[in-house]
Amino acid sequence: MSREGYSRVTTRFLKLGDAPEAVFAHVTEPASALTGKGKQMIGKKMVDAINEQINAEFYSSYLYLSMAAYFDSINLKGFENWMRVQAQEEDFHAKKFFDYVLSRQGRIHLKAIAEPQTTWKSPLDAFQTTYKHETVVTGLINKLATLALKEDDHATSVLLHWFINEQVEEESNADALVQKLKMIGDNSGALFLVDQELAARVFVPPVAGGA
Ligand code: FEO
């Protein structure tokens, strides 16, 4: 049964003057009167915006997985590994929002994920795309944070603090690699060394509830 269609039965006790059949009168209440599982505890505007963000995070995961495939095609396995880990991080972000909506009794609406770009001119081009994409995501997170303030939704504000900090790191990581690749230029020996460095990246899921 859907949450909207859910109803509950309550028991009311006999009072002086009640008819005998009212001793255990069963009253069916509409779902809107319920708390807990039967009622959305997060505002509609907020949950709609978070559902959009879940889509944006899954798109980010798709984009980085597409970049991993691109790096595989040019035999840069360390870069491929870095992008695979990045895609896992984005998947984690999407699911962090997903779990949060459920914990606030909200409804998830998963939407179609757009097809990402499949090829880039160079590793530098791919990381410039990464950096630019992360600045766009930062803008989306900031808009969510503004909405949470407008809606007086303090729980969502706390969640978004985690994402605001995360975006600082995401932009900084991408920019560091853009700068490194600019320095390297056409030096294939140096590119090989960076490839080895990026091969060491592993996905470490953040501890539950933490940053
Ligand atoms: Fe989930 Fe890279 O932002």
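Predicted model: local features only at pLDDT ≥ 70, side-chain atom pairs only at ≥ 80, totals over all residues.
**Chatting through a helical chain**

Student: OK, and what elements does the chain have, in what order?

Tutor: There are five helices and two strands. Reading from the N terminus, the order is β-β-α-α-α-α-α.

Student: How much of the chain counts as buried?

Tutor: 27% of its 211 residues.

Student: Let's do the core. Which residues of the largest nonpolar core touch the most other members?

Tutor: M67, F71 and M83, out of 36 residues in that core. Each of α1 (44–73), α2 (77–103), α3 (123–150), α4 (154–184) and α5 (188–198) supplies at least two residues of this core.

Student: Which helix gives the most to this core?

Tutor: That's α1, with 13 residues.

Student: And what does M83 touch, leaving out residues up to four places away in sequence?

Tutor: Y64, M67, A68 and F71.

Student: Switching to α2. What's its length like against the expected one?

Tutor: α2 has 27 residues and reaches 39 Å from first C-alpha to last, close to the 39 Å expected at 1.5 Å a residue. Following α2 comes Q105, with a positive phi near 65 degrees.

Student: How do α2 and α5 cross?

Tutor: Their axes come within 7 Å and cross at roughly 40 degrees, and the crossing is left-handed. On the α2 side the contact uses K77, G78, F79, N81 and W82, and on the α5 side D195, Q196, E197 and L198.

Student: Now α3. Why does its end-to-end distance agree with its residue count?

Tutor: At 1.5 Å a residue, 28 residues should span 40 Å, and the end C-alpha atoms of α3 are 41 Å apart, so the two agree.

Student: Which residues of α3 are buried, and what do they pack against?

Tutor: P123, A126, F127, T130, H133, E134, V137, L144 and A148 are buried. The buried residues of α3 pack against α1, α2 and α4.

Student: Some of those numbers sit three or four apart. Why would that matter in a helix?

Tutor: An α-helix has 3.6 residues a turn, so residues three or four places apart point the same way.

Key:
Residues numbered from 1 in each chain as written. Core = buried A, V, L, I, M, F, W, Y, C linked by C-beta atoms within 7 Å. Buried ≥ 20, exposed ≤ 12 C-beta atoms within 10 Å, placed from the backbone. Helix = DSSP H or I, 4+ residues; strand = E, 2+ residues; numbered from the N terminus. Contact = placed C-beta atoms within 7 Å. Expected span 1.5 Å × (residues − 1). Axes fitted to C-alpha atoms, helices over the stretch in contact; angles between N-to-C directions. Left-handed = near helix turned anticlockwise from the far one by under 90°.
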